[in-house]
Amino acid sequence: MAKTIPISLDVMGGDNGAEVVIPGAEIALVRHPDIRFLLYGNEKVVLPLLEKYPRVRDASTFHHCDVSVAMDAKPSQALRQGRWRSSMWRAIEAVKTGDSAVAVSAGNTGALMAMSKFCLRTMANIERPAIAAIWPTARGESVVLDVGATIGADAQQLIDFAILGGAMARALFGVEKPSIGLLNIGVEEVKGLEEVRTAGRLLRETPLRSLSYAGFVEGNDIGQGTVDVVVTEGFAGNIALKTAEGTAKQIGGYLRSAMSRTFMSKIGYIFAKSAFDRLREKMDPRKVNGGVFLGLNGIVIKSHGGTDAEGYAAAIDLAYDMVRNGLTDKIAQDLVHYHRGRFADAAPTPEGDL
């Protein structure tokens, strides 16, 4: 492993672009001094900011880009206008060429996925990539995927997602054999869509040394941390993610309203402030900012477009951890093992062995 971790940043991506990316890089650099940044953006915007953040300037190589991808651009439009020359494309391309170990962008999700697939291509035996999110739970954290890359998935794709998510859990949590659950409308084997039931049967029947299949899980199991990895297709996963984010904001609003309603409630808040601070820390979405594009020949991290510098730094932290813990190698090893076992099971038995 090299002494430094090269990370490419799409400086123009997100609702606030460089105004968040550069300060976020500063925070991440304090935590990880062995990072080396490759910055892609417009020099008129980025260079003045780098003068305010000399630590980032000294730990970076800057590359001017005339084009930035708009947050409302359609993926096809972004590919036509931004391929080869936009800050988003060039941050991804740096991963392809090996100049960067991972790319981070807060830009347009659809455009980022389209460019990542076009530039990096999917890994062997992976038909569709997935976006994996880190989910705070009662037990700690879990990986949930897919949260929006692919609408609908057949049984084999769900199994692929299980392998991808399992490798991420091993890299992120240090769990040797993470537990996997398929999101369903019930835990009974007869419930749910046929593709989900088929995927569950195949996961039970296929020996997988790198993960432990725990069966079906329901929506309430996600927050409880029943399993290390929750697998679903992108439509249900994205709804679950947005519902959880909205519920967290709703609860926060209820608490603020309740604590400021009367004089006695304000007094109570003072005595319970430390407990509320811990709750706020636990519910802070910035701490788990960053979705990982899995199944590509390289690592791409999607930061929330509206996050602040602390949230963007968390996305860089995630990128750093994925590289330092060998995510891509773990995925490749798990895929090879799974497909070898699958072909071995499918091979005809020689007559002499009957």
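**Figure 1. Salt bridges in the predicted model.** By the rule that a side-chain nitrogen of Lys or Arg lies within 4 Å of a carboxyl oxygen of Asp or Glu, the count comes to 11 salt bridges. Side chains of opposite charge can pair when their charged atoms come close. This is a predicted model, in which local features need pLDDT of at least 70 and side-chain atom pairs count only at pLDDT 80 or more, while totals for chains, interfaces and linings use all residues. Residues are numbered from 1 along each chain as its sequence is written, and side-chain values use heavy atoms, with hydrogens and water left out.

**Figure 2. The salt bridge between Asp317 and Arg31.** The closest N and O atoms of Asp317 and Arg31 are 2.8 Å apart. The pair links distant parts of the chain, with Asp317 in helix α13 (residues 309–324) and Arg31 in helix α1, 286 residues apart. Helices (H or I, at least four residues) and strands (E, at least two) are DSSP runs, numbered from the N terminus. Asp317 counts as buried because its relative accessibility is 15%, whereas Arg31, at 37%, counts as partly exposed. Here buried means under 20% relative accessible area, exposed means over 50%, and partly exposed lies in between (1.4 Å probe, protein chains only). Arg31, Glu310 and Asp317 are linked in a network of salt bridges.

Figure 3. Glu189 and Arg204 meet through their side chains in a salt bridge (2.7 Å, N to O). Glu189 belongs to the loop between β7 (179–183) and α8 (194–205), and Arg204 belongs to helix α8, 15 residues apart. Glu189 is partly exposed at 38% relative accessibility, and Arg204 is partly exposed with a relative accessible area of 46%. A further salt bridge joins Glu205 to Arg201, with the closest N and O atoms 3.3 Å apart. Because Glu205 and Arg201 are four residues apart in helix α8, about one helical turn separates them. Arg201 counts as partly exposed, at 35% relative accessibility.

**Figure 4. The boundary between the two domains.** The protein is divided into domain 1 (1–126 + 295–354) and domain 2 (128–291), with bounds that come from an automatic or database domain assignment. The C-alpha centres of domain 1 and domain 2 lie 23 Å apart. Contact, defined as heavy atoms within 4.5 Å, involves 34 residues of domain 1 and 25 residues of domain 2. The area buried between domain 1 and domain 2 is about 2600 Å², of which carbon and sulfur atoms give 63%. Buried area is the accessible area (1.4 Å probe) that two parts lose on being put together, summed over both. Asp334, His337 and Tyr338 supply 24% of the area that domain 1 buries against domain 2, more than any other three residues. One salt bridge is counted between domain 1 and domain 2. The side chains of Asp334 and Arg170 also meet in a salt bridge (2.6 Å, N to O).

Figure 5. Two strands pair if DSSP finds at least two bridges between them. Strand β1 (residues 5–10) runs parallel to strand β4 (residues 102–105), and four bridges join them. Within this pair, Ser8 stands opposite Ala103 in β4.

**Figure 6. Strand β5 and its neighbours.** Six of the seven residues of β5 are buried, so this strand is largely enclosed by the rest of the structure. β5 and β10 pair in the antiparallel sense over four bridges, and Ala130 has Leu294 in β10 as its bridge partner. Five bridges join β5 to strand β6 (residues 141–145), again in the antiparallel sense, and Pro136 is partnered by Glu141 in β6. β5 and β6 form a hairpin with four residues between them, and Gly140 in the turn has a positive phi of about 145°.

**Figure 7. Helix α5 and its surroundings.** The buried residues of helix α5 (residues 87–97) are Ser87, Met88, Trp89, Ala91, Ile92, Ala94 and Val95. Among the elements that cover them are β1, β2, α4 (75–82), β4, α6 and β11. Gly98, whose phi is positive, near 90°, follows α5.
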